[in-house]
Amino acid sequence: MEFNSVLLTAGGSIGFFKLVNCGVSKLPIPESACRNAWKWRNVCTSFTHSLITGIWAVLCFFVHPQMAEDLIGTHSVFSHALVSVSIGYFIYDFLDMVVNQKMILSWELLFHHTVVISCFGIAVLTGRYVGFAVVALLVEINSVFLHLRQILRMACLAAGDLYRINSMVNLGTYVVFRINTLAWMTRWLVLNRDNIPLFSYTAGSVGLAIMTAMNIVLFYRLLRSDFLKSSAPMPTEVKESRGQGEGKKET
């Protein structure tokens with residue numbers, strides 16, 4: 001994809017997720033979520049992104065399996081478009097939080113989005129490491145259940161069987177698609193350090209270190225909230241990482 005195509009794809013993605021957000025605002029909102037309608041719309045929009053990109057990331061390796069053998073130079077237009085679309089989403093979500101939420105409540109996610117946009121931007125602009133970025137987007141498979149968890153809590157459905165089932169699936173996919181994926185990416189980066197320019201290696205290493213630290217903290221919060229508390233979980237305002245994508249703010 002040419003530079004203009006990247007801009008068009010990312011710009012179209014920003015517009016698409018803005019339309020999703022507006023569409024959610026037209027739908028009925030649970031009474032318990034009305035006190036923070038913006039957050040409800042934002043989480044639902046993030047859920048949509050995770051559902052689309054999680055499935056898309058898996059399809060990228062199914063359609064173009066050669067990419068799994070060479071994450072640096074091999075990719076398809078299909079996978080390149082996925083990374084560009086995700087950049088558009090993270091830009092949209094960054095602006096949405098800046099406009100609608102206090103900085104003190106969102107600085108972690110704003111920092112997370114800045115790292116992701118920077119790393120993904122290097123991939124789409126250079127045409128290299130696109131496969132690596134697609135691997136990173138596999139964490140969105142877990143984000144589907146992470147966002148669904150928050151939606152259920154905002155709708156005051158945290159005591160039902162659906163929530164308990166989602167909590168177990170969420171924790172399982174968290175280990176498989178988030179922690180294991182980040183560990184594998186870190187290992188791959190170290191093993192291939194001789195084939196990667198210093199700037200890209202540094203950016204990737206710093207980004208992975210930040211994501212790993214954030215996700216370990218989030219894993220502990222999820223485990224404590226859903227499995228270690230003896231009393232029924234009560235929604236609180238804390239921040240969750242949204243996978244390189246990147247969870248929302250709530251355990």
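1. A quick term before we start: buried means under 20% relative accessible area. W56, at 18% relative accessibility, therefore counts as buried. Do keep in mind that this is a predicted model.

2. Staying with W56: its ring forms a tilted aromatic pair with F78, 5.5 Å centre to centre and with 40° between the planes. W56 sits in helix 2 (residues 37-63) and F78 in helix 3 (residues 77-100), so the pair links distant parts of the chain, 22 residues apart. F78 has a relative accessible area of 33%, which means that it is partly exposed. In total there are six aromatic pairs, and ring pairs also link F16, F17, Y89 and F90 into a cluster.

3. Helix 7 (residues 161-191) deserves a look. Its 31 residues should span 45 Å at 1.5 Å a residue, and the end C-alpha atoms are 44 Å apart, which agrees. Even so, helix 7 has a kink of about 35°, centred on Y174.

4. What about Y174 itself? At 0% relative accessibility, Y174 counts as buried. Its ring pairs with that of F219, with the centres 5.5 Å apart and the planes at 40°, so this pair is tilted. Here the link runs from helix 7 (Y174) to helix 8 (F219), 45 residues apart. F219 is partly exposed, with a relative accessible area of 21%.

5. On to charges. Side chains of opposite charge can pair when their charged atoms come close. The structure has two salt bridges. One joins R149 and D226, at 2.8 Å from N to O. R149 is in helix 6 (residues 140-154) and D226 in helix 8 (residues 198-228), so the pair ties together parts 77 residues apart in sequence. Both R149 and D226 are buried.

6. The other salt bridge is between R164 and D161, whose closest N and O atoms are 2.3 Å apart. Both residues belong to helix 7, three residues apart, or about one turn of the helix. R164 counts as partly exposed, at 44% relative accessibility.

7. Y129, in the loop between helix 4 (103-126) and helix 5 (130-136), has a positive phi of about 70° although it is not a glycine. Y129 counts as buried at 10% relative accessibility, and R128 lies over the face of its ring, 5.7 Å from the ring centre. C156, in the loop between helix 6 and helix 7, also has a positive phi, near 60°, and is a residue other than glycine. C156 is exposed, with a relative accessible area of 58%.

Conventions
Residues are numbered from 1 along each chain as its sequence is written. This is a predicted model: local features need pLDDT of at least 70, side-chain atom pairs count only at pLDDT 80 or more; totals for chains, interfaces and linings use all residues. Side-chain values use heavy atoms; hydrogens and water are left out. Helices (H or I, at least four residues) and strands (E, at least two) are DSSP runs, numbered from the N terminus. The expected span of a helix is 1.5 Å times one less than its number of residues. The bend at a residue is the angle between axes fitted to the seven residues ending there and the seven starting there. A salt bridge is a side-chain nitrogen of Lys or Arg within 4 Å of a carboxyl oxygen of Asp or Glu. Buried means under 20% relative accessible area, exposed over 50%, partly exposed in between (1.4 Å probe, protein chains only). Rings of Phe, Tyr and Trp (its six-membered ring) pair if their centres lie within 6.5 Å; planes under 30 degrees apart count as stacked, over 60 as edge-to-face and the rest as tilted. A charge sits over a ring if NZ of Lys or CZ of Arg is within 6 Å of the ring centre and within 35 degrees of the ring normal.
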